[in-house]
Amino acid sequence: MAHAVPTMPVALDVNTLAQFVDPLPVPEIVPPQGHRSSPTDPPKSVPFYRIKAQAIASKVHRDLPPTKFWSFGPSTPGPTFETRAGEGLLVEWVNALPNEHFLPIDRTIHGAENDKPAVRTVVHLHGAKTRPESDGYPEDWIVPGKSSLYYYPNQQDAAMLWYHDHAIGINRLNIYAGLFGAFFIRDGVEEALNLPKGKYELPLLLYDRLLTRDGQLLYPVSPDPESPWVSEVSGNAILVNGKLFPYLDVEPRSYRFRLLNASNARIYHLSFANDAPFHQIGTDQGLLPAPVLLRELEIAPGERADLVVDFSEHRGAQLVLKSDALVIMQFRVSAGKAIETSSLPSALRPIAKIPESQAVETRLLTLDEFVNKAGKPAMLLLNASHWKLPVTEKPVLGSTEIWTLINPTNDTHPIHLHLVRFQILDRQPYEPWLFQTKRQLHFIGPPEPPAPNEAGWKDTVQAYSRMVTRIIVPFEGFLGRYVWHCHILEHEDNEMMRPFEVIPRA
Ligand code: C2O
Ligand code: CU
Ligand code: CU
């Protein structure tokens with residue numbers, strides 16, 4: 001019998017679509033379904049939410065049929081959470097997905113073997129300081145019909161976090177399918193600043209997808225049907241809050257945009273087509289010490305940027321936001337008069353630089369890529385260690401460490417640690433071969449301090465190719481097992497993820 005040749009669905013040519021015909025959607029703020037008692041000592045009454053992962057269809061463009069997604073709400077991205085620092089909340093995460101996956105699972109990948117159910121989810125709140133049992137450990141997945149009750153204490157500075165699936169071995173597929181959303185923590189420091197708020201503050205969740213001609217998600221596969229994993233997926237369509245080429249009507253005044261790169265692998269270089277400047281006021285874990293004036297912003301998967309754009313100089317104009325040459329969205333500035341009600345202070349939130357002398361431990365950690373016979377990436381590892389090996393990173397609760405990320409590969413890897421926030425010390429070019437053969441760190445250029453817009457609290461850091469990136473990390477919060485990983489989801493799924501364990505002081 002002849003083998004049926006699978007036909008690859010034809011990819012959409014996005015250039016054939018009209019631009020700026022759909023208004024930018026803003027995900028709903030989800031109301032709690034009541035109150036319940038928190039698992040704290042003493043317990044208190046906290047808001048309770050029940051959120052269902054489900055199959056949905058939603059239109060990404062006026063001229064395309066609805067696209068099948070999985071989402072935590074009636075549309076993608078899922079609903080937005082709003083809470084205040086120190087106000088805990090409970091979420092029952094329900095897996096109400098179908099029993100079959102609609103994207104290609106690679107059964108050779110760890111955690112996704114043939115004996116594992118196809119559809120599994122577990123939710124992680126990225127950027128949250130949460131107990132391990134509520135952190136969404138990749139092996140804590142549940143199958144359709146089940147749910148998990150997670151508690152988020154929110155004892156941390158105001159920031160935009162994001163929740164997303166974290167199921168081992170299929171995380172790249174589940175997030176690609178649409179399982180993520182935004183989570184805002186507010187606090188008094190932020191509120192005292194009189195930044196743009198209400199309808200003048202909007203999340204911009206950016207992610208690219210490969211769409212077929214009939215507007216459906218296409219997740220590319222390798223030529224090997226036994227092992228369909230590919231090392232990075234970038235799409236032909238860049239969606240913002242679920243729409244392709246949306247527009248937003250704005251008044252000629254300042255707006256605050258809370259940007260997230262929720263893409264599997266794409267790094268954006270965002271700018272306005274007319275080169276208009278804008279300010280970045282915050283990063284992953286909240287406000288920067290001072291606004292930073294930018295004309296271009298680089299943002300990698302997992303990272304967030306808090307931006308203020310002043311449209312008052314652009315009355316009646318149309319500003320296009322792009323990434324390199326790719327068009328993302330349009331801002332239509334009304335011609336009328338607008339009243340500026342916000343202000344941009346020169347100082348935001350003080351951030352004390354952690355002295356290196358505070359670190360009690362320095363860890364050298366490599367980012368490794370292994371290629372197959374064809375020279376194609378076959379697997380990526382942290383510190384040349386598989387996920388299943390015993391835990392090697394065991395920071396003591398309350399101590400500070402320096403993690404030295406050594407990247408001999410040709411890619412930038414956005415490295416994310418759960419539970420903690422950290423500061424970037426520096427990046428320095430080194431000679432990879434000497435390190436590989438003799439484990440000698442030989443630097444071939446001076447250390448570069450973080451850019452001003454990275455000089456705040458981070459939870460995801462871009463480890464540049466052929467550079468050593470050093471971060472300083474206070475391990476605060478809770479004891480127990482967490483993970484750190486590359487946020488390029490194809491890398492993370494194929495073993496570029498390791499556990500770490502916060503242990504008590506001896
Ligand atoms: Cu965005 Cu392990 O997470
Ligand atoms: Cu995280
Ligand atoms: Cu990576």
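**Chat about the model**

User: Let's start with Thr-409. Which residues does Thr-409 touch, not counting those up to four places away in sequence?
Analyst: Leu-367, Asp-368, Glu-369, Ser-465 and Arg-466. Keep in mind that this is a predicted model.

User: Where is Thr-409 placed?
Analyst: Thr-409 is in the loop between strand 25 (400-407) and strand 26.

User: And is Thr-409 buried or exposed?
Analyst: Thr-409 has 7% relative accessibility, so it counts as buried, the cut-off being under 20%. The Thr-409 side chain also makes a polar contact with the side chain of Asn-407, at 2.6 Å.

User: OK, switching to metals. What are the protein donors of the copper ion (ligand 2)?
Analyst: His-124 and His-416, each through NE2, at 1.8 to 1.9 Å from the ion. His-124 sits in strand 7 (residues 123-126) and His-416 in strand 26 (residues 413-417), so the pair ties together parts 292 residues apart in sequence.

User: Are those two buried or exposed?
Analyst: Both His-124 and His-416 are buried.

User: Last one: how accessible are Cys-486 and His-491?
Analyst: Cys-486 is buried, with a relative accessible area of 0%. His-491 comes out at 1% relative accessibility, so it counts as buried.

Technical notes. Residues are numbered from 1 along each chain as its sequence is written. Chains are lettered from A and ligands numbered from 1 in the order in which they are written. This is a predicted model: local features need pLDDT of at least 70, side-chain atom pairs count only at pLDDT 80 or more; totals for chains, interfaces and linings use all residues. Side-chain values use heavy atoms; hydrogens and water are left out. Donors are N, O and S atoms within 2.8 Å of the metal (3.2 Å for Na, K and Ca); water is not among the atoms, so sites may look incomplete. Helices (H or I, at least four residues) and strands (E, at least two) are DSSP runs, numbered from the N terminus. Buried means under 20% relative accessible area, exposed over 50%, partly exposed in between (1.4 Å probe, protein chains only). A polar contact is a pair of N or O atoms within 3.5 Å; within protein, one must be able to donate a hydrogen and the other to accept it, and residues adjacent in sequence count only if both atoms are side-chain atoms. Contact means heavy atoms within 4.5 Å.
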